[in-house]
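Me: I'm new to protein structures. Could you take a close look at the place where the two chains meet, and tell me what else sits around it?
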Amino acid sequence: MSLANLSRIARAEGDPKVLQTGRSSLPTADRVARSLGWFSIALGLTELFAPGAIARTLGLDGRKGLVRAYGAREIGAGVVSLSTERSLGLWSRVAGDALDLATLAPALGRDNPKRRAAALAFTLVAGVALIDVVAAGSATAVHARAPNRRRNYRDRSGFPQGVAAARGAAAALRAHDDLATARRLPAGSEAKAPAVG
Amino acid sequence: MRALVWHGKEDIRCDSVSDPQIEHPRDAIIKVTSCAICGSDLHLFHNFIPAMLPGDIMGHETMGEVVEVGSGVDGRLAVGDRVVIPFTITCGECDQCRAGNFSVCQRSNRNKALADKAFGHATAGLFGYTHLTGGYPGGQAEYLRVPFADTTHIKVPDGIPDEKLLFLSDILPTGWQAAVQAEIEPTDTVAIWGCGPVGQMAIRSAVLLGAERVVAIDRLPERLDMAEAGGAIPINFETESVIDRLNDLTGGEGPHKCIDATGLESHVSAAQPDTLIDRMKQMIGLETDRPHVLREMIYVCRPAGVLSIPGVYAGIDDGIPMGMLMNKGLTVRTGQTHVARWSDDLLRRIEDGQIDPSFVITHKARLEDGPDMYRVFRDKQDGCVKVFLQP
Ligand SMILES: NC(=O)c1ccc[n+]([C@@H]2O[C@H](COP(=O)([O-])OP(=O)(O)OC[C@H]3O[C@@H](n4cnc5c(N)ncnc54)[C@H](O)[C@@H]3O)[C@@H](O)[C@H]2O)c1
Ligand SMILES: [Zn+2]
Ligand SMILES: [Zn+2]
């Protein structure tokens, strides 16, 4: 059962029901941004609450604080990626990926007994970075305003007789008169009228 | 029928839904001929207004033909009538409706208990908006059920195209009310933040109401061009200092009247650092709105001036300089528009050729293309100012 139908409990009996759903206003780029946003938050929570396990696995022992800080960063980027400022969120993920790679690079050295795990993590982050770059680029493009296709509205005054004739044409009307122009509504028949629409 | 349905943040789809039916004697069913996407719809699109639910039908700028009326409509509306539907649903009988305060009708919000809790006291039912305002299915659809239809309609004559009439539903009276409640005097400089459809209508209204000078603020060149065409002096807030320019234009005294036609989604940029902080707080739920324009208006407005706020705010705003507002003796006027208060007068002005609101339409599309048009309008792509949809 879809949410649209589930929410009917909050609706009046006679309100139109969704029978079949159509194409959404959400472009693919925005859906991808949302997935990455949730991914970011999930990863961030893991880094925030299990920094020890992550640091140990990658041979980054003793850097729990750093992993936690990166977790907070991931959550921040995730929240922004889920918002209408999604391009900013995704580009900040790209910057974060670069930071992750820079942090992992020293762990790839021969002296790290966990270097295989670190190498795997490095490859994964590099892959995610690639996805982030593509996602950020397309989200930016989908919402961009084309700068050169500016339309010309200089002739749209809205005054059929011109601006000069319009100036003060309604000046006789003042705020205290407003009720005089209010539509005169017929006195009601409260008894038979329903209290709700 | 087909309708544009909210499924979640930025997820609007053109769905097949069941047809609306008469539920109460005062209902009518309208076959929609035209509808539009409003800046308020963008706040819902972004899920900044609480209490939207998946499955909600969008749209509150709608017109069409009456195809069915309930038994309680009492001849005030008949099958075949051509009508524009105000976005505020009004019973016409409660104290507020009688006082002309239609957008705070005491009886049209069917979720009154919820709204009483959220707002202290409930406001009117609105089409295609949050469940805090009744959660009524909206008019970006082929058919619309209009509750309290005998009082919630504007009859319009044949022979005038939909494009000229549709905006009686919302943005024309909204811009008009914003200007009227600013109490414009012939010596006034009126500054208007935001050159979207509401700002454009506010500019035209301030010109008609006789402001000496109207200044329009935005960052989108095509919208500033349109503002200038309507008689405003443009300020691009990305390339100029709004405060300096407004003070220069007024001999250092500041504008007499300030209109906020931007609302809760003020543009975010490092040049306005407060918007970065607001945006961060918004993301983690510490603040609902980005009230940069409110702060700027309070700062630059001439003492004893008026701030008129048609821009929509959702909830909690931080860093509003109350001390400045209080000591400068500023008057604040705001609200959802009391559409029916202005309809007759504005329809006459359209018929008389004083104003033609269709100037704002930049994109026409089929209802099925609605989901894409939400995106084009939101991203301000292709010079989009106002989207006009037809089923
Ligand atoms: N009170 C009512 O009954 C009512 C009715 C309709 C719309 N509204 C509200 O009016 C507002 C505007 O609606 P719209 O359809 O014109 O929307 P819109 O989004 O098309 O226009 C908003 C404009 O404000 C500009 N802007 C953003 N930040 C700015 C800043 N710091 N300074 C100056 N300009 C800035 C944007 O560039 C944009 O052009 C929205 O908040 C909408 O919800 C209220
Ligand atoms: Zn609106
Ligand atoms: Zn009422």
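Reply: Let's begin with a word we need: contact means heavy atoms within 4.5 Å. By that rule, the contact takes 71 residues from chain A and 97 residues from chain B. Please keep in mind that this is a predicted model, in which local features need pLDDT of at least 70, side-chain atom pairs count only at pLDDT 80 or more, and totals for chains, interfaces and linings use all residues. Residues are numbered from 1 along each chain as its sequence is written, chains are lettered from A and ligands numbered from 1 in the order in which they are written, and side-chain values use heavy atoms, with hydrogens and water left out.

Chain A and chain B bury about 7,200 Å² between them, with 50% of it on carbon and sulfur atoms. Buried area here is the accessible area (1.4 Å probe) that two parts lose on being put together, summed over both.

Now for the charges. Side chains of opposite charge can pair when their charged atoms come close. A salt bridge is a side-chain nitrogen of Lys or Arg within 4 Å of a carboxyl oxygen of Asp or Glu, and the rule finds nine across the interface of chain A and chain B. One salt bridge joins B:Asp372 to A:Arg23, at 3.4 Å from N to O.

Over all chains, the structure holds 43 salt bridges. Within chain A, A:Asp30 pairs with A:Arg86, and their closest N and O atoms are 3.5 Å apart. A:Asp30 lies in helix H2 (residues 28-49) and A:Arg86 in helix H5 (residues 86-104), so this pair ties together parts of chain A that are 56 residues apart in sequence. Helices (H or I, at least four residues) and strands (E, at least two) are DSSP runs, numbered from the N terminus.
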